[in-house]
Amino acid sequence: MFCTNCGKEIENHHRFCKHCGSKAVLEKEDNKAEQEHKDEIEAPANVRDENTLNEENQDVAEKPRSRDDEASSPHNNDKVSEEIIKKRTELYNLGVDYFHGDGVEKNEEKALELFFQAAEMGSAYVQTLLGGFYARGSYGLVVDFNEAVRLFQKAADADYSDAFYELGRIYYYGMLGEVDYGKAISYFNSAAEKGNASAMRMLAESYDFGKGVEKDEIKATVWYKRAAELGDASAQNNLGNNYLEGNGVKKNDEEAFRWFLESAKQGDAYGQGNLAYCYAEGIGTEKDENKAFNWFKASAENGNTIAMVSLGKRYEHGWGCDKDQEKAFEQYQLAYENSDAEGLLKLAHCYAEGIGVKRNIAMAESLYFEDIENGNTERYVDLAHIYIGWDIDHPDWNEKTDEGMRILEEFAYEKNNGKAYWMLGIQHELGMCVKKDYNKAGQLYQKAIDSGFGYAKESLKKYKKDIFGEYTFLV
């Protein structure tokens, strides 16, 4: 894709142009990554799911770049005269003027007519541009992948690296009806050999997820690094993640931080989120909650739903900013509206506890059932939380608390759910819905820990010291 302001190429997931700093216009991303809820413990704001790293059609040309860019692109005839090169450049530049309304009345139809003339005169750049228009169905052109391939192929015949890259994407994502990883990898290799950073990133992702090649984290890292060194922000973010996790390279927090910083400075939403995570946890740098807040905010504004949730937590607790529960609620709601799983949980928790919004148990219950319908049956445990906290004056109090305890006992004793054990332990320690039984509470806390629910360690520690304070149910 290309910047809507200066026309320079922008890589996948960028929200700001690395060349001019202008905000780019992107289609809504379909973030399908499932998120494991770890309460207030931060998780990296990166999404490394193979379905989210690159969306179909996202990198194809969106708009012409700027005047005179065409002059430096290859052509389809080594013997083409200087006069033809000059003519096609003039046609393209005039088309850009009509496209943007620069010095003439804006007329996209006239601009397309001029672009087609330049393409017929052998401009590989304009051929690739028009191929992108067909692939997207932009500016009055009907989506036609066959025509896109024809134009990309003509540009590839001129040895234009972007065209090889776009052809690779066509086959990688099966835009002609069937996926062909073999052809995709071949085209990516051709583009990469010519120094195309985007193609290098796609090769890295192919090795990362074993698509068209045998999965190989070391080769993936090598290609991520080559693309990153050429300035590809998405590759910089992914390389940082490999250093952070030790995938295909020795774990190195300082290198992870360095590459996240490079990616973030270019406006990559996930690079910004991961940089914020480093500042929040002190990974590869000194811990700095203010910087963490600022980078989570930038990432959230760029559309990263994981960062929206992290930003919401900061507003909720006052980490690196003034405490503002209403803003926390707004961020959770925004994440939920963008199909973020943890955003749904945090939003439900806000309604259940009245955080930043008027308490609304029915809304919280509805959100939990929505998640259950999506297949997350463990959400019944969170339903149990609001049931056992049901208003005592409510006519359904006995019915709801009984149902809450039944759910907790089922998930604890039959499904070995750590959170359910933990919540039952609290009931027995405080005598909320059952008779107080300190011994039973201690046993349940230990079972919660044994089942992997780490937060119960703090409850067990307090229990052993006979310190019983106010407990916050974590969502």
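Okay, let's start with the rings: there are 19 aromatic pairs in this structure. Keep in mind that what you're looking at is a predicted model.

Let me show you one of those pairs, Phe164 with Tyr187. Their rings sit 6.3 Å apart, centre to centre, with 40 degrees between the planes, and that makes the pair tilted. Where do Phe164 and Tyr187 lie in the chain? Phe164 belongs to helix H5, residues 161–172, while Tyr187 belongs to helix H6, residues 181–193. They're 23 residues apart, so here the pair is linking distant parts of the chain. And are Phe164 and Tyr187 buried or exposed? Both are buried.

Now hop over to Phe293 and Tyr315. Here the ring centres are 5.4 Å apart and the planes meet at 85 degrees, so we call this one edge-to-face; the cut-off for that label is over 60 degrees. Phe293 comes from helix H12, residues 289–301, and Tyr315 from helix H13, residues 305–317, so this pair ties together parts that are 22 residues apart in sequence. What about burial? Phe293 is buried, at a relative accessible area of 9%, and Tyr315 is buried as well, at 8%.

Rings can also join up into a group. Have a look at Tyr92, Phe99, Phe115, Tyr125, Phe133 and Tyr139: ring pairs link them into a cluster.

In soluble globular proteins, nonpolar side chains tend to be buried together. In our model, the largest nonpolar core has 124 residues. Which residues have the most contacts inside it? Those are Phe115, Phe188 and Leu408. And which helix gives the most to this core? That's helix H3, residues 124–136, with 8 residues.

Next, a couple of places where a charge sits over a ring. Find Trp223, and you'll see Arg226 lying over its face, 4.5 Å from the ring centre. Then go along to Phe411: Lys415 lies over the face of that ring, at 4.2 Å from the centre.

Last stop, the cysteines. How many disulfides turn up in a search of the whole structure? The count is 0. For two cysteines, I can tell you about burial. Cys321 has a relative accessibility of 17%, so it counts as buried, given that the cut-off is under 20%. Cys350 is buried too, with a relative accessible area of 0%.

Notes: Residues numbered from 1 in each chain as written. Predicted model: local features only at pLDDT ≥ 70, side-chain atom pairs only at ≥ 80, totals over all residues. Heavy atoms only, no water. Phe/Tyr/Trp six-rings, centres within 6.5 Å; stacked < 30°, edge-to-face > 60°. Helix = DSSP H or I, 4+ residues; strand = E, 2+ residues; numbered from the N terminus. Buried < 20%, exposed > 50% of the residue type's maximum accessible area, 1.4 Å probe, protein only. Lys NZ or Arg CZ within 6 Å of the ring centre and 35° of its normal. Core = buried A, V, L, I, M, F, W, Y, C linked by side-chain atoms within 4.5 Å. Disulfide = S-S within 2.5 Å.
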